[in-house]
Amino acid sequence: MRAPGLTAVFCVAALAAPVACGDSVAPSDPGDLGIGPDPVSAPVDLSRAWAMSTPEAQGFDRDLLAAAFADADEAVPNIRALVAVRNGRLVEEAYFGGMHRDSAFDMRSVTKTVTALLVGLASDRGLVDPDDLMTDRLPHPSRRSEHGGIRVRDLLTMTSGMQWSDEEDFGPWVRSGRPVGYVLDLPIVAPPGRRFIYNTGGSHLLTVIVQNVVEGSALEFAERELLGPLGIGNKRWPVMQDSVIVGGAALALRPRDAAKLGQLLLQGGRSGSRQIVSRAWVEAQIGQLVALGDLGYVLRDAGYGYQKWSDRQGGGDGVSAFVMWGYGGQFVWVVPDRQLVVVAQTHWRGTGDHDRRQADAVADLIVHRVIEAALPIRR
């Protein structure tokens, strides 16, 4: 179990206002040649199975999209699934390497975004607040005075200041039998809120906090308040030695269900007429709260919100996106300007040093093939 495959440590360059998320778009008649469909407000009811549509009806260049899907396994030999949803309609899907549409696949650090949604659901119910001190919500004998300034918000934005390296700490952490104590025992290397340090252990602390404040377990809370209302039943979410679901990795989802999570964020937390998680939470989650710049691969103008990446060029030049990103090229790529959700799943075990190249290849397939096939929406 590993995170996206980078040890990210950045000074926080800026705090930006959250990016607002537009309503979903219902299907409409195809527009004129070279023009996508009209935008209309109609959030999809995500508790139901996806409605199907054709590429043309949802504003795709049919030939470009077909070529992207046909070439996917050549572009990314380890790809296992590729799914495109536009305007709340499933437009295209393909499965490789023996996988099929009902295969639940471990999406690694995509899990982190779901963990943040659980924190948001608890926050909406008044059970926890992003400004709460971590130590107030996380009673544990490994707490030290140095942890005193860390807030839940800092865990959400990877700015807690706690030392972590996925390459050096992930394996020992998993084997330690002390999923909270191991993280808290590490040194504090920066003041809270000042430095971005990608920290999978810190993400697990968030699910422990959720379990500490909700009725029942964090998994039961997730099933009752999030996964169940989204119609997501075919999943696997293992627990660690503390009997708490892994906060930073290991959630296995069907590709169609991973797309529902992207669509939920695209719809501002709504499913049909029901507000699953508050719009204010979603705006913070998908916003660029921490500006990171160019990560060197995959994201070119990157930022981080609540356990989720953003990229002002993530849908191509001048087209913003927000991205759930897991090790080895697991992606839920959401482009609000195109009302588009793209899911990619890959075989990631054993990729090792090839992780970055594989993630880059998947991102290239999504941005330069699938997204480019989506014609701009009529304004």
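In what order do the three strands of the open sheet run, and is their pairing parallel or antiparallel? The order is β5-β8-β7, with antiparallel pairing. Bear in mind that this is a predicted model. Besides that sheet, here's a quick look at a helix pair and some aromatic rings.

**The open sheet**
- β5 (105-106) and β7 (235-236) sit at the edges with a single partner strand each, so one side of each has no neighbour in the sheet.
- Two bridges join β7 to β8 (residues 252-253), in the antiparallel sense.
- If you want to find that pairing on screen, look for R236, whose bridge partner in β8 is A252.

**Helices α3 and α8**
- Helix α3 (residues 110-124) and helix α8 (residues 200-213) have axes that come within 10 Å and cross at roughly 30°.
- Angles under 35 degrees count as roughly parallel, so α3 is roughly parallel to α8.
- The crossing of α3 past α8 is left-handed.
- On the α3 side, the contact is made by K112, T115, L118, V119 and A122; what they meet in α8 is T200, S203, L206, T207, V210 and V213.

**Aromatic pairs**
- The count of aromatic pairs comes to eleven.
- Take W309 and W325: their ring centres are 5.2 Å apart and the planes stand at 55°, so this pair is tilted.
- W309 belongs to strand β13 (residues 309-311) and W325 to strand β14 (residues 321-326), so to speak a link between distant parts of the chain, 16 residues apart.

Note on methods. Residues numbered from 1 in each chain as written. Predicted model: local features only at pLDDT ≥ 70, side-chain atom pairs only at ≥ 80, totals over all residues. Heavy atoms only, no water. Pairing = 2+ DSSP bridges. Helix = DSSP H or I, 4+ residues; strand = E, 2+ residues; numbered from the N terminus. Axes fitted to C-alpha atoms, helices over the stretch in contact; angles between N-to-C directions. Parallel < 35°, antiparallel > 145°, perpendicular 65-115°, else oblique. Left-handed = near helix turned anticlockwise from the far one by under 90°. Contact = heavy atoms within 4.5 Å. Phe/Tyr/Trp six-rings, centres within 6.5 Å; stacked < 30°, edge-to-face > 60°.
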